[in-house]
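Let's go through this fold together, one feature at a time. Have a look at the sequence and the model before we start.

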Amino acid sequence: MSLKEVIEKPELLLPGHSACPGCGAVISLRWTLKALGKRTILVIPACCTSVYQYIWPTSAIGVFVYNVAFASAAAVASGISNALEIKGRKDYNVVVWGGDGGILDIGFATVSGAAERGENIIVICYDNEAYMNTGIQRSSGTPGGAWTTTTPLGKTEQKKAAPFIFLLHNAVYVATASPAYPLDLYNKVKKAKKLRGFKYIHILSPCPPGWRYPENLTIKLGKLSVETGYWALWEAERINGKMKFTLSPPSRPYLDPSKRKPIEEYIKHQRRFRDREIAKKLIQEWINYQWSLIKRFMSESSEG
């Protein structure tokens, strides 16, 4: 399917939301809803989307939405999915849509539980790498070296490798995505909705106020995150009990480190990295770790 064909699909993210200009999450939500279609139920924990989804009294999201407590989204989605199953309704997508705070931190227990039980839901984390809705506090998704209001000298710990954690939960499908590659995101959501069981998609979502960059650089930063190797695009599907791990086309060249752009090209546009030398060191360590995991899973997949 071409980009033009996808753009012409019905808009389910309508005019009237209140997201910041250049918000990577709202761009991602637009493409996600196009892939999911009208018969979708979104379960949204406390996050930016809780706020920007409407200007009262009119919603900008054209599907059913449940706004729920921070920690409970995956549990609520599990209940909805099972209730629909009992009623024989298999024509709805039940989707958790939340930020890194609601998926990787405060809500991680219920997401992990839903994954372990194999609930028939899709969990999508738009990871803007901090608690942006409440004032830019650090999360486990925040990269090393990044300024937040709770890490004023820069975070010293590494980013949580969340997508790989869900691979170890035996999820039927896990993928990473970016708003800078909309067709890749669209196709991954389309694939996830066709599968039964627990599916997880992790979107790196640039945030102009939190990352401290001009709003017109969102797509550029999304592409640089991939071109520097900071964010690898991949998908893993479990077929007959065996995992098939595949690097997505935009990331395939960067399996070779010599083809990656210097990480400085990515961080220099973001004022959240105050000490660039420390940030470069910590982020390069993260890149090396991430790609070591990718090579391991690719090897295990080929052996299987």
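Q: Which residue stands opposite Thr-176, and in which strand?
A: Strands of a sheet pair through backbone hydrogen bonds, either parallel or antiparallel. Here, Thr-176 faces His-202 in β8. The strands β7 and β8 (residues 199–204) run parallel and are joined by five bridges. Two strands count as paired if DSSP finds at least two bridges between them. Helices (H or I, at least four residues) and strands (E, at least two) are DSSP runs, numbered from the N terminus.

Q: Before we go on, what kind of model is this, and what goes into the values?
A: This is a predicted model, in which local features need pLDDT of at least 70 and side-chain atom pairs count only at pLDDT 80 or more, while totals for chains, interfaces and linings use all residues. Residues are numbered from 1 along each chain as its sequence is written, and side-chain values use heavy atoms, with hydrogens and water left out.

Q: How many strands form the sheet, and in what order?
A: Eight strands make an open sheet with mixed pairing, in the order β4-β1-β5-β6-β8-β7-β9-β10. The edges are β4 and β10; each has a single partner strand, so one side of each is left without a neighbour in the sheet. From one strand to the next, the twist averages 15°.

Q: Which strands does helix α8 lie across?
A: For angles, axes are lines fitted to C-alpha atoms (for helices, over the stretch in contact), and the angle runs from 0 to 180 degrees between N-to-C directions. Contact itself means heavy atoms within 4.5 Å. Helix α8 (residues 182–194) lies across β5, β6, β7, β8 and β9 (234–239), at about 165° to β7. Helix α2 (residues 24–36) lies across β1, β5, β6 and β8, at about 175° to β5.

Q: Why do the buried residues of α4 line one face of the helix?
A: Buried means under 20% relative accessible area, exposed over 50% and partly exposed in between (1.4 Å probe, protein chains only). In α4, the buried residues are Ala-73, Ala-74, Ala-77, Ser-78, Ile-80, Ser-81 and Leu-84. Seen down the axis of α4, they fall within an arc of 165°, so they line one face of the helix. That arc is taken from the directions from the helix axis to the C-beta atoms. They pack against β1 (40–44), β4 (64–67), β5 (93–99) and α6 (108–117). Just after α4 comes Gly-88, with a positive phi of about 75°.

Q: Which residues have the most contacts inside the largest nonpolar core?
A: In soluble globular proteins, nonpolar side chains tend to be buried together. A nonpolar core is a set of buried Ala, Val, Leu, Ile, Met, Phe, Trp, Tyr and Cys residues joined through side-chain atoms within 4.5 Å. The largest one has 64 residues, and those with the most contacts inside it are Leu-167, Phe-198, Tyr-200, Tyr-230, Trp-234 and Tyr-266. Helix α12 (residues 276–303) gives the most to this core, with eight residues. Apart from it lies another core of 32 residues, among them Val-26, Leu-42, Tyr-186 and Ile-201.

Q: Is Glu-129 buried or exposed?
A: Glu-129 is buried, at 0% relative accessible area. Glu-129 also has a positive phi of about 70°, although it is not a glycine. Asn-170 likewise has a positive phi, of about 65°, but Asn-170 is exposed, at 53%.
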